[in-house]
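Biologist: I would like to learn how to read a structure like this one. Where do we begin?

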Amino acid sequence: MEYRQNYLKIFLRYDQYGKLILRDIKLLSTKSRRLYVHYNLLKYIKSSVCIFILSTTQGYLTHQQALNQKIGGELICYIL
């Protein structure tokens with residue numbers, strides 16, 4: 001995952017048979033509806049299937065990275 005000021009680039013991964021590993025990307029926050037998550041709520045998101053992307057003061061982070069740094073932020077999307 002790589003980010004710059006106005007866009008987020010996600011690199012696709014494939015398994016050994018050529019099937020796409022990432023199945024779905026769902027946008028959660030929009031211009032009219034922002035979803036913010038406190039660090040305490042991130043403790044309850046312990047999913048090995050989904051990866052949540054957050055915009056924090058430290059930049060774009062996955063929910064696991066945000067948990068390790070003990071910060072919350074705006075939920076941007078999830079990747080399934």
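Modeller: With the elements. Helices (H or I, at least four residues) and strands (E, at least two) are DSSP runs, numbered from the N terminus. This is a predicted model, in which local features need pLDDT of at least 70, side-chain atom pairs count only at pLDDT 80 or more, and totals for chains, interfaces and linings use all residues. Residues are numbered from 1 along each chain as its sequence is written, and side-chain values use heavy atoms, with hydrogens and water left out.

Biologist: How many helices and strands does the protein chain have?

Modeller: Two helices and seven strands. Their order from the N terminus is β-β-β-β-α-β-β-α-β.

Biologist: What share of the residues is buried?

Modeller: Start with the cut-offs. Buried means under 20% relative accessible area, exposed over 50%, and partly exposed in between (1.4 Å probe, protein chains only). Of the 80 residues in the protein chain, 31% are buried.

Biologist: And the accessible surface of the protein chain, what does that come to?

Modeller: Areas come from the Shrake-Rupley method with a 1.4 Å probe; for residues, only the protein chains shown count as cover. The total is about 6,200 Å², and carbon and sulfur atoms hold 52% of it.

Biologist: How do I read contacts along the sequence?

Modeller: Contact means heavy atoms within 4.5 Å. Take the contacts between residues at least 6 apart in sequence: 53% of them join residues at least 24 apart.

Biologist: Which residues have the most contacts inside the largest nonpolar core?

Modeller: The general idea first. In soluble globular proteins, nonpolar side chains tend to be buried together. A nonpolar core is a set of buried Ala, Val, Leu, Ile, Met, Phe, Trp, Tyr and Cys residues joined through side-chain atoms within 4.5 Å. Here the largest core has 13 residues, and Leu 42, Phe 52, Leu 54, Ala 66 and Leu 75 have the most contacts inside it. Helix 1 (39–42), strand 5 (51–56) and helix 2 (63–69) each give two or more residues to this core. A second, separate core has five residues, including Leu 22, Ile 53, Cys 77 and Ile 79.

Biologist: What does Leu 54 touch?

Modeller: Leave out residues up to four places away in sequence. Leu 54 then touches, among others, Leu 42, Tyr 60, His 63, Gly 73 and Leu 75. Gly 73 lies in strand 7 (residues 73–79) and is buried, at 11% relative accessible area. Beyond its neighbours within four places, the contacts of Gly 73 include Leu 35, Tyr 36, Val 37 and Thr 56. Thr 56 belongs to strand 5 and is buried too, at 12%. Its partners outside four places in sequence are Leu 61, Ile 71, Gly 72 and Gly 73.

Biologist: Which side chains meet in a salt bridge?

Modeller: A salt bridge is a side-chain nitrogen of Lys or Arg within 4 Å of a carboxyl oxygen of Asp or Glu. The search of the whole structure finds one. Arg 34 and Glu 74 form it, at 3.1 Å from N to O. The pair links distant parts of the chain, 40 residues apart: Arg 34 is in the loop between strand 3 (25–27) and strand 4 (36–37), and Glu 74 is in strand 7. Arg 34 is partly exposed at 45% relative accessible area. Glu 74 is buried at 11%.

Biologist: How do I read an aromatic pair?

Modeller: A pair of aromatic rings is described by the distance of the centres and the angle of the planes. Rings of Phe, Tyr and Trp (its six-membered ring) pair if their centres lie within 6.5 Å; planes under 30 degrees apart count as stacked, over 60 as edge-to-face and the rest as tilted. The ring centres of Phe 52 and Tyr 78 are 5.9 Å apart and the planes stand at 50°, so the pair is tilted. Phe 52 sits in strand 5 and Tyr 78 in strand 7, 26 residues apart. Phe 52 is buried, at 16% relative accessibility.

Biologist: Is Lys 70 buried or exposed?

Modeller: Exposed, at 58% relative accessibility. Lys 70 is in the loop between helix 2 and strand 7. Its phi is near 60°, a positive value in a residue other than glycine.
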